[in-house]
Amino acid sequence: MASRMTGNVTVVVGAQWGDEGKGRVVDYLAARADWVIRFQGGDNAGHTVVNDYGRFALHLIPCGIFYPRVRNLLGAGTVVNLDTVSQEISTLQAAGVDTGNLWIDSRAHLIWPYHCLLDGAEEDRRKRDAGEEGEQMGTTRRGIGPVYADKHSYNGIRTGDLHHPDLLRQRLDLILPLKNRQLAFYGLKEYTADELMDLAATWRERHLERIVDTLPWVRDAVQGDQRVLLEGQLGVGRDVNWGIYPFTTASSPTAGGACIGAGIPPRAISEVLGIVKAYSTSVGGGPLPTELHDEYGIMLQEIGREFGATTGRVRRCGWFDGVAIGYASYLNGFSGIAITKLDVLDHFEEIKICTGYRLGDQVIDYVPDTATQARVEPVYETWPGWRTDTGHCRAWHDLPPRARAYLRRIEELAGAPIRFVSVGPERSQMVVMDNPQEVS
């Protein structure tokens, strides 16, 4: 007999290259959710949340943590640095946030110190090989690539292994000779199984009660028509399959990846909400067709406070890429979009939107492979700015007419209705489109 499927599951997907404001939107939506599940990635990307408790950059803990009634899970598709979890819990608790509603799936893979060392060593090697003029990968040195590589080469260790110290010791004895050879190649510290078992004992003491098999809970939530939010990190442009490979993350931050990482069947998904910034930003290497190297790019960086929540690196900025949003919408099947940081554009007399890529003597309307994408030139439309403060707007009709026209064009390029427009970092600074037909 087929399982009953009701579908009250919303996937929140980054529609650009990451840093779109997913944390801000998830924090807003979580007020009406029962569950928030992080479905992929590790502590290599931060979700910035500003609410009554303060300002937070959450790298692992789901953004529903601020609501005591919401259950927050790190899903099987995530990779977990338990030291980072400890640090985030301490920060949250110091601000008065109850973290008793956080759990970690026993199938999620553990990030060990050797993963971080190898990640940094590989990045340094790539920089040396590429030279000053070469394009850098831009890894965060958090061990994400190495731990996913271990996962898929059967050399990983899962959080659930902390429940079984004897099995954990066997796994370490099997894996460490390989890891130590890799570390020795780079002249780095090698590890003994005893050292890592001591670290595991610390993790066990702090977190063992949080590490559970979450599938029965998630299954009951989905079949019981509870409200589930799936929270990813980064964006489609950094997807390992469909992003600007090799300048990508090691997992899939798409709606399809959400099903795999959270343990939810595809037909249970009721909504896919694409989060898109009102302009383009990217941290790390790889092509960014609309990137600006002029005073407008500097204005976007400074007004938008475009600095990475994880690394502090300055984000590359450019005009809105309508080709990329169409690509992201198709791959994920967006049922709606949320547009963030509209207020940053309040200061511009003119604003541009890329509607095509010029490649030689032709103009294409799709995102090509990475090597070709690096050679395209953006084809722009120019839109008049509104030069009016939008931070106070709370309804569609409050927005300046020129801002509404700009948003309508983004909606058209995305092929999905606007659901939310963010006009500032505070929870209250959100225009909610209860009726998509309001966009007129």
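This is a predicted model: local features need pLDDT of at least 70, side-chain atom pairs count only at pLDDT 80 or more; totals for chains, interfaces and linings use all residues.
Colleague: Which parts does the pair of Asp 194 and Arg 169 tie together?

Modeller: Asp 194 lies in helix H6 (residues 193-207) and Arg 169 in helix H5, so parts that are 25 residues apart in sequence are tied together. Helices here are DSSP runs of H or I with at least four residues, strands are runs of E with at least two, and both are numbered from the N terminus.

Colleague: What other salt bridge does Arg 169 make?

Modeller: Arg 169 also meets Asp 173, at 3.3 Å, N to O. Both residues lie in helix H5 (residues 165-185), four residues apart, about one turn of the helix.

Colleague: Why is Arg 169 called partly exposed?

Modeller: Buried means under 20% relative accessible area, exposed means over 50%, and partly exposed is in between (1.4 Å probe, protein chains only). Arg 169 has 31%, so it counts as partly exposed. Asp 173, with 42%, is partly exposed, and Asp 194, with 46%, is partly exposed as well.

Colleague: Is Asp 43 buried or exposed, and how do you know that?

Modeller: Asp 43 has a relative accessible area of 1%, so it is buried. Its side chain meets that of Arg 142 in a salt bridge of 3.5 Å, N to O. Asp 43 lies in the loop between strand S2 (35-38) and strand S3 (47-51), and Arg 142 in the loop between helix H3 (113-130) and helix H4 (144-152), so this pair ties together parts that are 99 residues apart in sequence. Arg 142 is partly exposed, at 23%.

Colleague: How many helices and strands does the protein chain have, and why is the chain called as compact as a globular protein of its length?

Modeller: There are 12 helices and 20 strands. The radius of gyration is taken over C-alpha atoms, and the globule rule is 2.2 Å times the number of residues to the power 0.38. For 440 residues the rule gives 22 Å, and the radius of the protein chain is 22 Å, close to that value, so the chain is as compact as a globular protein of that length.

How values were computed
Residues are numbered from 1 along each chain as its sequence is written. Side-chain values use heavy atoms; hydrogens and water are left out. A salt bridge is a side-chain nitrogen of Lys or Arg within 4 Å of a carboxyl oxygen of Asp or Glu.
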